[in-house]
Amino acid sequence: MSRSRLSATLIVGGVISVLFVVAALLSLVWTPYDVTAFDIGHRLQGPSAAHWLGLDHFGRDIASMILLGARNALSVSLVAVLLGAGVGAPLGLLAAARRGWIDELVMRASDVVFAFPALILAILITAVLGPGAINAVIAIGVFNVPVFARLTRGSALSLWTRDYVLAARAAGKGATRISLEHIVPGLLSVLIVQATLQFSLGVIAEAGLSYVGLGAQPPAASWGKMLADAQTLVAVAPLQAIFPGLAIVITVLGLNLLGDGLRDRLDPRLDEDR
Amino acid sequence: MALLEIQDLKLTIGDAPILRGLSLNLEAGQVLGVVGESGSGKSMTALSILGLPPRGAAMEGAVRFEGRDLVGLPDGELSRLRGDRIGMVFQEPMTALNPVMTIGAQVAEVARLHRGASRAEARAAARRTLDRVGLADIPLTRYPHELSGGQRQRVAIAIAVALSPRLLIADEPTTALDVTTQAEILELLRHLVREDGAALILISHDLALVAEAADHVAVMKDGKIVEQGDTGAVFKALAHPYTRALAADAERMPIRTRAPDIQAAPILEARGVVRDYPGRRGFLRAGRPVRALQGVSLEIRPGEIVGLVGESGSGKSTLLRALLALDSIQGGEVLLAGAPFTPASPRRRRRAIQLVFQDPSGSLDPRWTVERLVAEPLHLLEAKLSPPARRAKVEAALAKVGLPAQAADRYPHQFSGGQRQRIAIARALIVEPEVIALDEAVSALDVTVRAEVLDLLARLSDDLGVAYLFVTHDMGVARGLTDRVLVMREGQIVETGPTAEVFAAPKHPYTAQLIAATPNLARALAARR
């Protein structure tokens with residue numbers, strides 16, 4: 001039975017994710033309006049031809065804010081994932097290759113981090129370090145480290161039992177070389193899938209942090225901050241909350257679909273037959 | 001009326017024909033052996049009789065069981081037959097049994113399901129059935145993982161025969177088992193069907209096994225039965241060329257032209273090697289270590305082919321890993337070319353000893369090209385090779401094992417099992433080792449392919465003077481290829497000597513038991529006379 005190369009999940013997830021990235025990149029060069037320009041006279045105005053998504057409580061263009069928010073969400077969660085994978089994956093590889101006390105150390109440290117609810121500790125970290133996008137990256141990245149460390153270690157351990165790894169050992173190759181030549185290529189697909197899923201979790205976490213005021217600070221726009229601002233006005237101007245909320249939901253959904261689609265596509269269990 | 005009558009059965013999956021017009025008859029009380037190589041359609045025949053073809057398969061023809069055509073019968077009707085009138089035993093008992101259910105519950109389930117028996121009745125029936133298959137000492141409350149491989153297969157058989165089916169189908173029921181256990185299981189199957197007056201279809205790749213156990217035999221090839229009839233008649237006449245080829249390949253002994261120099265200094269030597277595995281650790285408590293090798297000594301001389309035989313758990317693989325210095329040992333020493341060889345030895349010394357595994361698809365990284373795979377041990381050489389020189393070496397190694405130069409650019413999955421094993425042998429040869437350790441290197445191969453690979457190994461040994469340590473559970477292979485044989489049991493070598501002598505007059509009772517339990521075509525035919 002042949003698996004279709006592109007599933008609906010993968011296409012829908014991919015399209016949403018691409019739109020998300022395009023929106024973020026677009027905001028670097030162009031937004032419909034300048035978000036530092038306040039149009040207090042028209043504050044809380046609903047959608048119109050001039051302002052597609054309306055104006056917020058300071059009279060800023062919501063469409064422009066959403067674009068800027070995409071940039072913020074993308075950069076924070078992308079760097080957080082790279083941080084997590086960049087630190088976690090090598091730790092996991094090391095733990096699987098060396099076993100013994102290094103393995104214990106890495107895994108018990110992961111347990112400690114896992115023992116704290118992610119968002120609460122992220123709030124703690126940013127509260128200590130001070131609010132801001134960079135500290136949000138660190139806070140979210142810290143939680144990605146054990147996720148990647150564990151995943152890498154687990155998958156690497158099963159690859160270490162393969163005969164071709166034993167063959168490489170019999171050929172006199174050292175642990176580092178085997179890790180790079182045989183283990184890492186075998187792990188790439190699982191890591192890519194996990195990175196996509198952590199990316200979507202990062203978007204939620206970033207929104208959560210900025211919702212409580214610990215993420216990106218004005219004038220930078222953040223979906224979480226927009227939600228928080230709109231909350232008090234929800235009875236008066238419900239659309240204020242709906243647009244950033246939708247942006248979060250659609251983005252996270254898209255990234256999750258992409259992750260699931262990639263998982264089906266790159267399933268390591270089916271890998272050997274190809 | 002025949003118990004089972006298959007007429008012109010065709011099975012296609014997608015566009016691929018799997019069975020192409022298969023016909024056979026089976027009477028009650030008969031034992032029918034179905035032999036053939038992998039891909040010949042043996043297992044598909046069994047699954048078709050049960051009405052369990054794979055998804056997307058289309059069936060044509062007739063399968064009449066007790067006069068009733070099963071093809072096209074609704075699944076509910078078939079379910080009522082399966083497990084009741086027709087029982088099935090699979091190859092791997094560990095996966096065929098449910099690991100989280102007690103064996104008693106699994107046997108009782110059949111009676112509950114088909115006979116609507118009460119809990120107590122079903123339990124009593126389960127006890128009776130387990131007694132019948134020789135598990136009288138085993139409580140019903142055991143789980144599959146608490147049993148040995150042979151006991152698990154007995155449980156699987158108990159499930160199949162719990163309701164005394166008219167037809168029992170056993171698909172490679174002993175392939176996953178040790179040879180001494182195999183003989184017991186085959187005897188049990190024959191005994192059970194005789195007692196119930198039922199029929200048995202015994203599917204196997206092993207000609208000798210079928211010759212010993214079956215009254216009638218059907219030889220399959222490419223989804224068809226090429227020959228069938230009384231076992232003695234078929235194997236004695238060997239009228240069909242394919243049957244003849246199979247029998248020849250199964251019995252073939254590679255011809256060797258070069259005798260090893262038994263005076264020469266050993267290339268590989270073990271002296272009193274002891275290997276302990278750490279025991280199961282408790283909380284804050286170190287476990288008692290398990291001793292897997294209890295002072296093993298052996299010598300391999302240049303150009304010699306030494307067989308290491310023994311059943312699973314005898315310590316063969318542990319010994320191999322110790323000899324290759326992949327694991328550290330707790331006592332004794334390993335000498336390679338006269339000097340101690342340990343995991344801490346310089347890597348370049350590994351050049352002298354290379355390794356070939358049982359399963360070539362597992363020992364070749366699926367993401368690497370053949371060129372990269374075969375060249376992997378080259379970094380053991382002192383001099384770093386330029387890419388063209390590397391390529392030339394790879395092509396030379398591939399040529400030695402009879403593969404074309406273009407093979408270097410392809411991936412392992414583009415080759416057949418036999419070709420993959422050739423690639424693995426080429427990888428071992430590329431650094432011109434003095435010794436190659438072969439771990440069950442032909443066990444996963446079909447008889448024809450196996451005969452070819454054995455010939456290749458014998459030729460390479462003659463041409464290159466390389467010594468082999470040939471680890472196998474298959475006494476037939478050991479007899480055919482090796483100069484000297486070591487018999488291993490429970491971490492010790494119990495017998496050693498020239499192969500011909502050991503097989504002709506085994507000194508240790510365990511060796512004699514192993515030889516007697518190994519199916520042998522000539523012996524089976526002689527016994528039928």
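User: What percentage of the 274 residues in chain A do buried residues make up?
Analyst: The model is predicted: local features need pLDDT of at least 70, side-chain atom pairs count only at pLDDT 80 or more, and totals for chains, interfaces and linings use all residues. Residues are numbered from 1 along each chain as its sequence is written, with chains lettered from A and ligands numbered from 1 in the order in which they are written. A residue is buried if 20 or more other C-beta atoms, placed from the backbone, lie within 10 Å of its own. In chain A, with its 274 residues, the buried share is 45%.

User: How many helices and how many strands does chain A have?
Analyst: Helices (H or I, at least four residues) and strands (E, at least two) are DSSP runs, numbered from the N terminus. From that end, the elements of chain A run α-α-α-α-α-α-α-α-α-α, and its C-alpha atoms fill a box of roughly 75 × 50 × 30 Å along the principal axes. The count for chain A is ten helices and zero strands.

User: At what angle do helices H4 and H5 of chain A pack?
Analyst: H4(A) spans residues 118-129 and H5(A) residues 133-160, and their axes (lines fitted to C-alpha atoms over the stretch in contact) lie 9 Å apart. Among the residues that meet, H4(A) gives Ala118(A), Ile125(A) and Leu129(A), and H5(A) gives Ile138(A), Val142(A) and Phe143(A). Taken between N-to-C directions on a scale from 0 to 180 degrees, the angle is about 145°.

User: Which strands of chain B are the edge strands of its six-stranded open sheet?
Analyst: The sheet has mixed pairing and the order S16-S17-S18-S13-S19-S20, where two strands pair if DSSP finds at least two bridges between them. From one strand to the next, the twist averages 20°. Each edge strand pairs on one side only, and the two are S16 (353-356) and S20 (492-498) of chain B.

User: What is the bridge partner of Val309(B) in S18(B)?
Analyst: Strands S13 (residues 305-309) and S18 (residues 467-472) of chain B run parallel. Five bridges join S13 to S18. For Val309(B), the partner in S18(B) is Thr472(B).

User: Which elements of chain B give two or more residues to the side that touches chain A?
Analyst: Two residues are in contact if their C-beta atoms lie within 7 Å. Where the chains meet, 19 residues of chain B are in contact with 16 residues of chain A. The elements with two or more residues on that side of chain B are S16 and helix H12 (360-363).

Conventions. Buried ≥ 20, exposed ≤ 12 C-beta atoms within 10 Å, placed from the backbone.
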